[in-house]
Amino acid sequence: MVFLYDNETYSYDDLLHAISGNGTYFPLYRTKELFPFFANMIKALAAGMPLTLIDADINASEIDGVEESDINAEQAFESKTYQNMDEVVAALQQSQSEITIFTSGTTGQPKKVVHSISTLTRNVRLGEKYAGQIWAYAYNPTHMAGLQVFFQAFENQNTLVNVFGKQRDEVYRQIADKQITHISATPTFYRLLLPFEKSYESVVRITLGGEKSDQHLYDAIGQIFPKAKINNVYASTEAGSLFAAKGDCFQIPEDIRDKFKVVDDELLIHKSLLGSSESFKFTDDFYHSGDLIEWVDKEAGLFRFKSRKNELINVGGYKVNPGEVENAIMAIEGVRQALVYGKANSILGNVLCADVQLENGFALTELDIKKHLSTQLQDFKIPRRIKFVEEMTLTRTGKLKRS
Amino acid sequence: MEQKILEIINEIRAAKNLEPVAELKPETRLREDLALTSFDLAELTVKIEDEFDIDIFEDGLVSTIGEIYAKLA
């Protein structure tokens, strides 16, 4: 059974051999290679050893409390022998390891959050129904979303195909070659796949997470992957995966519904659902998520995300939700991707600006886009400077980078 | 430089469905004669800054075309 397709192919037997009877690991492992990264992680977790996950391109100076000499320093532990992967999976599920991860640091220094295997694997689904799935691995493995996908696939001994950071043609080639059945990725990743040219029928499940998506994107995904069910997932570095739902809504599972509150539209999460971090601030044991939501059906715990609290841009006293404007721009035919942001300005405080990436073969002008938007948005929500760009800058977790 | 400012102003006017102006005189007033709002003026400053690397509103308000020319001179 194949565990991972990357530059090379690795079977679950290769993984077993890398782990079983081996008594050293790296508590802080920095590598660009997925197989040794995963092998090190599983070895540590199955043995109950603490682990800190760091990005392949990060320097110790960028993270608090980490010295360069700690990175890739080997440590010995009492080795364990496993007869087969079922034993490894069972050991991992009962792991008492502390797993330290960092926020992607889009707003300053990366913050440290300590998780247990139970918060990381809370939403993993197990059983025969989940056997034989082939996952496109489209996330950075050191961050929450990548860990969620990894554990879901690994605990069911599914196959992973690395497509993170790959070009469009290569992603499509892997989907076809490996007959990928499941893709979980950011909306930014899916936009890379536009426009529709050909459909891929092997894919039965598409999951979007990490950013807001829009109807235009859903429609395009529906064309490219006609057999796929599409759903969203909400996962944060702080809490892991809490709820998933169909369409553009989320539902809070009934058994944890008392662990949430909404104050001034902001979603508050009880500390019992979170990892631990010195950077968390609580009000009566509730954590301010920074996510602004609206109830669709409060009784049923059904809600929709509106925006991030700190994302609102103040333009001459008006508050603009950049996500709303991005959706309006991306709904225009010929636009692949849009990023809306504020630029400091002496008259208005901020001027609304947009970077727009067009689909191949389309020529739109700044005026075309403004005219289009003026039929849908209030004047203050229309970007005053629109730049056409060839490429968008992405963060380490594959989201669009806000300047 | 004067041609570029004319282009930027006509671009802003086009988005508001206003006729382009043929020429700018130093005494032309931004708000009264060209019908620019504070949002339009903000756009003007950003675009002039992109082009000439100077924030024309940095040290106080500018109200005529001549004052913009002076800042960029």
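Predicted model: local features only at pLDDT ≥ 70, side-chain atom pairs only at ≥ 80, totals over all residues.
**Where chain B meets chain A**

Across the interface of chain B and chain A, 10 residue pairs turn up in polar contact, with both partners at pLDDT 80 or more. On the chain B side, two helices each supply at least two of the residues that touch chain A: α1 (2–15) and α2 (38–52). Of the elements involved, α2(B) gives the most, with 11 residues. By class, the side of chain B that touches chain A splits into eight nonpolar, three polar and eight charged residues.

Counting residues on both sides, 19 of chain B are in contact with 15 of chain A. The size of an interface is often given as the accessible area lost when the parts come together. Here, the area buried between chain B and chain A comes to about 1,400 Å², and carbon and sulfur atoms give 59% of that. Within chain B, the residues losing the most area to chain A are F39(B), E43(B) and V46(B), which together make up 40% of what that side buries.

Side chains of opposite charge can pair when their charged atoms come close. Six salt bridges are found across the interface of chain B and chain A. One pairing of this kind joins the side chains of R384(A) and D40(B), at 2.8 Å from N to O. Over all chains, the structure holds 24 salt bridges. Another example is found inside chain A, where the side chains of R173(A) and E170(A) meet at 2.6 Å, again N to O. R173(A) and E170(A) are three residues apart in helix α6 (residues 168–177) of chain A, so about one helical turn separates them.

Turning to helix packing in chain A, helix α5 (residues 144–155) has contacts with two other helices. With helix α3 (residues 85–93) of chain A, the axes come within 10 Å and cross at roughly 140°. An angle over 145 degrees would count as roughly antiparallel, so α3(A) and α5(A) are oblique to each other. From α3(A), the residues M85(A), V88(A), V89(A), L92(A) and Q93(A) meet F151(A), F154(A) and E155(A) of α5(A). The residues of this contact divide into six nonpolar, one polar and one charged.

The other partner is helix α2 (residues 34–46) of chain A, which packs with α5(A) at an angle of about 75°, the axes being 13 Å apart. Angles of 65 to 115 degrees count as roughly perpendicular, so that is how α2(A) and α5(A) lie to each other. In this contact, F38(A), M41(A), I42(A) and L45(A) of α2(A) meet L147(A), F150(A), F151(A) and F154(A) of α5(A). Sorted by class, the contact of α2(A) with α5(A) has eight nonpolar residues, with no polar and no charged ones. F151(A) and F154(A) of α5(A) turn up here and also in the contact with α3(A).

Finally, two spots in the backbone of chain A are worth a look. The peptide bond from L194(A) to P195(A) is cis, with omega near -5°. P195(A) sits in the loop between α7 (187–192) and β12 (205–209) of chain A. The other spot is D265(A), which has a positive phi of about 70° although it is not a glycine. D265(A) is also placed in a loop, the one between β16 (260–263) and β17 (266–270) of chain A.

How values were computed: Residues numbered from 1 in each chain as written. Chains lettered and ligands numbered in written order. Heavy atoms only, no water. Contact = heavy atoms within 4.5 Å. Buried area = accessible area lost by both parts, 1.4 Å probe. Salt bridge = Lys/Arg side-chain N within 4 Å of Asp/Glu carboxyl O. Polar contact = N/O pair within 3.5 Å; in protein donor to acceptor, adjacent residues only side chain to side chain. Helix = DSSP H or I, 4+ residues; strand = E, 2+ residues; numbered from the N terminus. Nonpolar A, V, L, I, M, F, W, Y, C, P; charged D, E, K, R; others polar. Axes fitted to C-alpha atoms, helices over the stretch in contact; angles between N-to-C directions. Parallel < 35°, antiparallel > 145°, perpendicular 65-115°, else oblique.
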